[in-house]
Amino acid sequence: MLNNIVAGLGALCSAPALIGILLGTIIGLMVGSLPGLNDSITMAVLMPMTFGMDTELAMGLLIGIYCASACGGSIPAILLKIPGTASASVTAFDGYPMAQQGRAGKALGIATMSSWVGGMVSAIVLLTLCPFLAQQSLRFGPPEYFMLTVLGFASVVGMAGENVGKSIIAIAFGLLIGCIGMDPQTGSARFTFGNMYLQDGISLVPMLIGLFGITSIMELFESFHGNEIIAALKEQKNKITKVELPNWKECKELLPTWAQSTVIGNIIGIIPGAGMIMAIFMAYNQAVASNPDKKFGTGVPQGIAAPECANNSVVGSSMVPLLSLGIPGNSSSALFLSALTIQGLRTGPALFNNTPDVAYMIVLGFLLSNIIMLPLAIGYTSLFATAVLRMKREILSGIVIVLCVTGAFAVKNNIFNIYVIIAFGLIGYFFNKFHIPQSPLILASILGKMMESNWIQSMVFSHNNLAVFVTRPLSCALLVISLAFIVIPMIKSAKDKKKGVAKA
């Protein structure tokens with residue numbers, strides 16, 4: 001492992017990798033601070049452009065964007081009460097009141113420091129856990145991989161809370177998309193409607209560009225609020241001085257919140273399909289429960305530290321199941337799957353055994369990106385944040401549309417992919433309108449094919465004996481965990497209902 005780390009460090013110290021991480025971190029901070037854009041949209045738009053890039057440059061660029069955008073989203077959330085990213089929505093609860101009290105610099109400092117702490121811990125988790133899981137995955141056969149996909153779906157359903165029905169709808173739709181193309185067993189065409197372009201199925205890259213890029217543009221067109229942003233900036237102009245990082249005494253007070261938020265963020269990040277939103281709400285609720293003497297929502301520092309630490313903790317840990325097992329932790333990490341495929345790389349043990357320099361370069365890249373994110377975030381927030389926020393949304397939307405169309409066409413130089421991004425842009429728009437989560441759809445479209453092929457191989461291997469899933473220890477353990485993900489939330493929900501009835 002030490003030799004592989006040295007090889008990865010050598011690849012990371014190359015000029016393309018360093019330039020990519022530096023540039024990606026700057027872009028991530030800018031994108032995160034622009035309401036309406038986020039890491040997923042930016043990576044989806046830029047991903048087709050990585051076709052002609054060196055692997056080090058392409059991976060470094062995406063790593064920087066992914067790490068920094070979650071931190072950048074706190075800037076408009078604190079200054080304007082308009083979250084730059086969905087993961088910063090909870091930060092506004094206490095960040096904006098603190099800014100209204102004339103402590104915007106302190107609020108931005110707490111958010112930046114918390115993001116850095118969460119990011120660093122998740123990068124260390126990625127470095128220590130990912131190679132271990134990759135080696136363990138060598139013990140996986142078709143039954144284990146099938147149950148692993150079942151675990152992914154179970155985690156989505158189990159953690160959906162009151163949104164179970166909508167999550168199941170999204171999963172079913174994603175599985176339907178995964179069925180498009182040639183049957184892996186018989187070779188017959190499914191749901192192609194005589195269209196030759198659908199015989200290979202729906203390409204992941206255009207689908208993600210449509211779901212993130214086109215959907216975001218439609219929503220931006222629907223509600224431009226540029227005048228509101230400029231008015232809010234004028235109101236805050238005299239109150240913002242510079243970013244004030246928490247001092248040693250404040251860090252000691254925030255340390256318990258950071259500790260519990262990083263644990264929550266890393267656990268949620270590793271679970272496929274859970275995502276940042278769940279992590280930030282869980283971390284915030286835990287902070288409220290741990291500080292009953294504080295009135296959250298009035299500018300409490302722990303109310304900023306908890307969600308910011310949790311969302312950046314998800315970043316590195318969400319790459320653990322992707323790199324080691326080939327299963328994306330969330331929709332953003334799913335984009336890395338496409339980027340690795342573009343570069344001709346496969347996730348799982350093959351990545352660590354065949355190309356250890358690239359595998360460890362990616363892992364160490366998350367660590368480096370978080371290290372340089374702190375000074376860059378301080379400088380960017382103090383000097384450029386308000387100027388970037390004044391960018392006209394009309395111009396920005398036009399640029400994004402051009403990049404989306406160009407990027408979709410660049411995938412195999414196929415004009416059919418432009419129709420794909422339009423179709424999935426509409427799907428994503430209506431999903432958002434009806435509050436149907438997109439992450440289960442993306443996860444199901446990726447895992448569907450994996451589930452089908454491993455089911456077929458398992459049945460051939462066992463001569464159509466379903467007992468193969470319970471007689472093999474690893475497969476049985478994954479089945480038990482999957483059942484726990486579904487049953488435990490059901491029991492908790494039933495208990496909560498009984499308590500509600502008793503109180504009534």
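**Exercise 1.** Work out whether Asn464 is buried or exposed, and where it is found.

*Solution.* Start with the cover: Asn464 has a relative accessible area of 61%. Exposed means over 50%, buried under 20%, and partly exposed in between, with a 1.4 Å probe and protein chains only, so Asn464 is exposed. Next, the place: Asn464 sits in the loop between helix 22 and helix 23. Helices here are DSSP runs of H or I with at least four residues, strands are E runs of at least two, and both are numbered from the N terminus. Last, the backbone: Asn464 has a positive phi of about 65 degrees although it is not a glycine.

A word on the source: this is a predicted model, where local features need pLDDT of at least 70 and side-chain atom pairs count only at pLDDT 80 or more, while totals for chains, interfaces and linings use all residues. Residues are numbered from 1 along each chain as its sequence is written, and side-chain values use heavy atoms, leaving out hydrogens and water.

**Exercise 2.** Do the backbone and exposure check for His463.

*Solution.* His463 isn't a glycine, yet its phi is positive, at about 60 degrees. His463 lies in the loop between helix 22 (439–462) and helix 23 (468–471). With 70% relative accessibility, His463 counts as exposed.

**Exercise 3.** Find which residues make the nonpolar surface patch, and which helix gives the most to it.

*Solution.* First, the rule: patch residues have over 30% relative accessible area and no salt bridge, with nonpolar side chains (Val, Leu, Ile, Met, Phe, Trp, Tyr) joined within 5 Å and like charges within 9 Å. A salt bridge is a side-chain nitrogen of Lys or Arg within 4 Å of a carboxyl oxygen of Asp or Glu. Areas come from the Shrake-Rupley method with a 1.4 Å probe. Now the members: Phe409, Ile415, Tyr419, Ile422, Leu426, Phe430 and Phe434 make a patch of about 720 Å². Helix 21 (residues 416–433) gives the most, with 4 residues. Tyr419 is in helix 21, and its relative accessible area of 52% makes it exposed.

**Exercise 4.** Which residues gather in a patch of positive charge on the surface?

*Solution.* They're Lys495, Lys498, Lys499 and Lys503. Lys and Arg count as positive, while His and the chain ends are not counted; the charge of Lys is placed at NZ. Pick out Lys499: it belongs to helix 24 (residues 473–503) and is exposed at 55% relative accessible area.
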